[in-house]
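Here are a few exercises to work through with the model open beside you. Try each task before you read its solution.

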Amino acid sequence: MKNAIAALTLSVAVFSGNIPPVTAGDALASVATGPAAGHTYSYEIPSSLNSEERKWFQIFQEGNLLSEGWQDISAEILAKTPPEQRPAQKVALDNLGKKIGMEWCRPNAVRRVDSSMLVAWGDILRTTARKNPQQLAMAIAYIDQKVDAALD
(Lines give C-alpha, C1' and ligand atoms only; values in the text may rest on other atoms or scores of the structure.)
Protein backbone atom coordinates (compact mmCIF):
# COMPACT_ATOMS: atom_id res chain seq x y z
CA MET A 1 0.00 0.00 0.00
CA LYS A 2 2.80 2.41 0.95
CA ASN A 3 4.52 1.72 -2.41
CA ALA A 4 1.32 2.39 -4.33
CA ILE A 5 0.74 5.66 -2.48
CA ALA A 6 4.35 6.73 -3.04
CA ALA A 7 4.14 5.90 -6.76
CA LEU A 8 0.86 7.79 -7.08
CA THR A 9 2.31 10.78 -5.26
CA LEU A 10 5.38 10.76 -7.49
CA SER A 11 3.18 10.69 -10.57
CA VAL A 12 1.00 13.53 -9.32
CA ALA A 13 4.03 15.66 -8.42
CA VAL A 14 5.59 15.22 -11.83
CA PHE A 15 2.49 15.48 -13.98
CA SER A 16 1.09 18.45 -12.09
CA GLY A 17 4.25 20.42 -12.72
CA ASN A 18 5.07 20.78 -9.01
CA ILE A 19 8.69 19.85 -9.63
CA PRO A 20 10.76 22.95 -10.40
CA PRO A 21 13.00 22.81 -13.46
CA VAL A 22 16.68 22.33 -12.78
CA THR A 23 19.51 22.98 -15.17
CA ALA A 24 21.88 20.11 -15.85
CA GLY A 25 25.03 20.06 -13.79
CA ASP A 26 23.88 22.69 -11.34
CA ALA A 27 24.53 22.09 -7.69
CA LEU A 28 21.08 22.08 -6.16
CA ALA A 29 20.22 23.45 -2.77
CA SER A 30 16.56 23.80 -2.00
CA VAL A 31 14.34 24.09 1.02
CA ALA A 32 11.96 21.26 1.73
CA THR A 33 8.30 21.65 2.56
CA GLY A 34 6.14 19.48 4.77
CA PRO A 35 7.70 17.38 7.53
CA ALA A 36 11.24 18.37 6.54
CA ALA A 37 10.44 22.09 6.35
CA GLY A 38 13.48 24.22 6.95
CA HIS A 39 15.86 21.42 5.97
CA THR A 40 18.31 22.39 3.25
CA TYR A 41 19.38 19.73 0.79
CA SER A 42 22.68 19.82 -0.98
CA TYR A 43 23.46 17.52 -3.89
CA GLU A 44 24.41 17.76 -7.51
CA ILE A 45 22.18 16.73 -10.37
CA PRO A 46 24.34 14.95 -12.96
CA SER A 47 24.65 16.90 -16.19
CA SER A 48 24.11 13.75 -18.27
CA LEU A 49 20.41 13.57 -17.31
CA ASN A 50 17.66 14.90 -19.55
CA SER A 51 14.93 17.15 -18.14
CA GLU A 52 12.54 14.30 -17.28
CA GLU A 53 15.31 12.33 -15.57
CA ARG A 54 16.33 15.44 -13.61
CA LYS A 55 12.78 15.71 -12.25
CA TRP A 56 12.84 12.09 -11.07
CA PHE A 57 16.38 12.42 -9.69
CA GLN A 58 15.20 15.39 -7.64
CA ILE A 59 12.19 13.43 -6.36
CA PHE A 60 14.53 10.59 -5.39
CA GLN A 61 16.80 12.98 -3.50
CA GLU A 62 14.15 15.16 -1.84
CA GLY A 63 11.10 12.92 -1.68
CA ASN A 64 7.59 14.27 -1.83
CA LEU A 65 4.50 14.58 0.33
CA LEU A 66 4.18 10.87 1.12
CA SER A 67 7.70 9.49 0.76
CA GLU A 68 11.02 10.56 2.16
CA GLY A 69 13.89 11.23 -0.17
CA TRP A 70 17.47 10.01 0.00
CA GLN A 71 18.64 13.23 1.65
CA ASP A 72 16.29 12.81 4.64
CA ILE A 73 16.98 9.08 4.93
CA SER A 74 20.73 9.76 4.87
CA ALA A 75 20.39 12.44 7.55
CA GLU A 76 18.38 10.04 9.73
CA ILE A 77 20.98 7.29 9.26
CA LEU A 78 23.92 9.61 9.95
CA ALA A 79 22.29 10.87 13.14
CA LYS A 80 22.40 7.29 14.47
CA THR A 81 25.88 6.56 13.13
CA PRO A 82 28.73 6.44 15.65
CA PRO A 83 30.47 9.84 15.44
CA GLU A 84 33.83 8.43 14.35
CA GLN A 85 32.16 6.72 11.36
CA ARG A 86 30.03 9.68 10.15
CA PRO A 87 32.46 11.26 7.66
CA ALA A 88 33.12 8.00 5.83
CA GLN A 89 29.47 6.96 5.91
CA LYS A 90 28.31 10.33 4.61
CA VAL A 91 30.58 9.89 1.58
CA ALA A 92 29.35 6.30 1.13
CA LEU A 93 25.68 7.34 1.42
CA ASP A 94 26.17 10.26 -0.99
CA ASN A 95 27.85 7.98 -3.55
CA LEU A 96 25.21 5.28 -3.13
CA GLY A 97 22.41 7.84 -3.43
CA LYS A 98 23.84 9.19 -6.66
CA LYS A 99 24.25 5.68 -8.09
CA ILE A 100 20.72 4.61 -7.15
CA GLY A 101 19.16 7.91 -8.21
CA MET A 102 20.87 7.83 -11.61
CA GLU A 103 19.23 4.49 -12.36
CA TRP A 104 15.87 5.08 -10.66
CA CYS A 105 15.28 8.28 -12.63
CA ARG A 106 15.47 6.47 -15.97
CA PRO A 107 12.28 5.55 -17.87
CA ASN A 108 10.44 2.56 -16.38
CA ALA A 109 10.98 0.47 -19.50
CA VAL A 110 14.77 0.51 -19.10
CA ARG A 111 15.56 1.16 -15.45
CA ARG A 112 16.87 -1.68 -13.33
CA VAL A 113 16.18 -0.15 -9.91
CA ASP A 114 12.54 0.16 -8.96
CA SER A 115 10.59 1.68 -6.08
CA SER A 116 10.18 -1.63 -4.25
CA MET A 117 13.99 -1.94 -4.14
CA LEU A 118 14.20 1.57 -2.69
CA VAL A 119 11.74 0.66 0.05
CA ALA A 120 13.62 -2.55 0.90
CA TRP A 121 17.00 -0.82 0.97
CA GLY A 122 15.65 2.05 3.06
CA ASP A 123 14.23 -0.48 5.53
CA ILE A 124 17.61 -2.22 5.78
CA LEU A 125 19.37 1.07 6.51
CA ARG A 126 16.81 2.23 9.07
CA THR A 127 16.64 -1.10 10.87
CA THR A 128 20.42 -1.33 11.04
CA ALA A 129 20.70 2.26 12.28
CA ARG A 130 18.11 1.62 14.96
CA LYS A 131 19.21 -1.82 16.15
CA ASN A 132 22.94 -2.02 15.39
CA PRO A 133 24.45 1.28 14.17
CA GLN A 134 27.96 -0.15 14.34
CA GLN A 135 27.00 -2.33 11.35
CA LEU A 136 25.88 0.53 9.10
CA ALA A 137 29.03 0.43 7.00
CA MET A 138 28.32 -3.23 6.24
CA ALA A 139 24.67 -2.45 5.41
CA ILE A 140 25.71 0.34 3.03
CA ALA A 141 28.25 -1.97 1.37
CA TYR A 142 25.61 -4.71 1.05
CA ILE A 143 23.16 -2.35 -0.66
CA ASP A 144 25.93 -1.03 -2.91
CA GLN A 145 26.61 -4.63 -4.02
CA LYS A 146 22.89 -5.18 -4.66
CA VAL A 147 22.78 -2.02 -6.79
CA ASP A 148 25.86 -3.13 -8.75
CA ALA A 149 24.29 -6.56 -9.31
CA ALA A 150 21.07 -4.95 -10.59
CA LEU A 151 23.06 -2.76 -12.97
CA ASP A 152 25.15 -5.62 -14.43
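Contact, in these exercises, means heavy atoms within 4.5 Å. Keep in mind that this is a predicted model.

**Exercise 1. Get your bearings**

Work out how many helices and strands the protein has, and the pattern they follow along the sequence.

Solution. Start with the count: the protein has 6 helices and 2 strands. Next, read along the sequence, and you get α-β-β-α-α-α-α-α. Then look at burial: of the 152 residues, 40% are buried. Last, take the contacts with a separation of 6 or more: 54% of them join residues 24 or more positions apart.

**Exercise 2. Look at helix 3**

Find helix 3, residues 70–79. Is it mostly covered or mostly open, and what covers its buried residues?

Solution. Count first: 7 of the 10 residues in helix 3 are buried, so this helix is mostly covered. The buried ones are Trp70, Gln71, Asp72, Ile73, Ser74, Ile77 and Leu78. Now look for the cover, which includes strand 2 (40–44), helix 2, helix 4, helix 5 and helix 6 (136–151).

**Exercise 3. Pair helix 3 with helix 5**

Describe how helix 3 and helix 5 are arranged, and say which residues meet.

Solution. Two packed helices are described by the angle between their axes and the distance between the axes. Here, the axes of helix 3 and helix 5 (residues 115–131) come within 10 Å and cross at roughly 20 degrees. Angles under 35 degrees count as roughly parallel, so helix 3 is roughly parallel to helix 5. The crossing is left-handed. On the helix 3 side you'll find Trp70, Ile73, Glu76 and Ile77, which meet Leu125, Arg126 and Ala129 of helix 5. Sort the residues of this contact and you get 5 nonpolar, no polar and 2 charged.

**Exercise 4. Pair helix 4 with helix 6**

Solution. The angle is about 25 degrees, and the axes are 11 Å apart. That makes helix 4 roughly parallel to helix 6. Helix 4 passes helix 6 in a left-handed crossing. Residues of helix 4 in the contact include Ala92, Leu96 and Ile100, while those of helix 6 include Ile140, Ile143 and Val147. Sorted by type, the contact has 10 nonpolar residues, 1 polar and 4 charged.

**Exercise 5. Zoom in on two residues**

Decide whether Ile59 and Arg106 are buried, partly exposed or exposed, then find a residue that lies some way off in sequence for each.

Solution. Begin with Ile59, which sits in helix 2 (residues 51–62). Buried means under 20% relative accessible area, and Ile59 has 3% relative accessibility, so it counts as buried. Between Ile59 and Trp70 there are 8.9 Å, C-alpha to C-alpha, and the two are 11 residues apart in sequence.

Arg106 is in the loop between helix 4 and helix 5. At 25% relative accessibility, Arg106 counts as partly exposed. Trp56 is 50 residues from Arg106 in sequence, yet their C-alpha atoms are 7.9 Å apart. Finally, set aside the neighbours within four places in sequence: Arg106 is then in contact with Glu53, Arg111 and Arg112.

Conventions:
Residues numbered from 1 in each chain as written. Predicted model: local features only at pLDDT ≥ 70, side-chain atom pairs only at ≥ 80, totals over all residues. Heavy atoms only, no water. Helix = DSSP H or I, 4+ residues; strand = E, 2+ residues; numbered from the N terminus. Buried < 20%, exposed > 50% of the residue type's maximum accessible area, 1.4 Å probe, protein only. Axes fitted to C-alpha atoms, helices over the stretch in contact; angles between N-to-C directions. Parallel < 35°, antiparallel > 145°, perpendicular 65-115°, else oblique. Left-handed = near helix turned anticlockwise from the far one by under 90°. Nonpolar A, V, L, I, M, F, W, Y, C, P; charged D, E, K, R; others polar.
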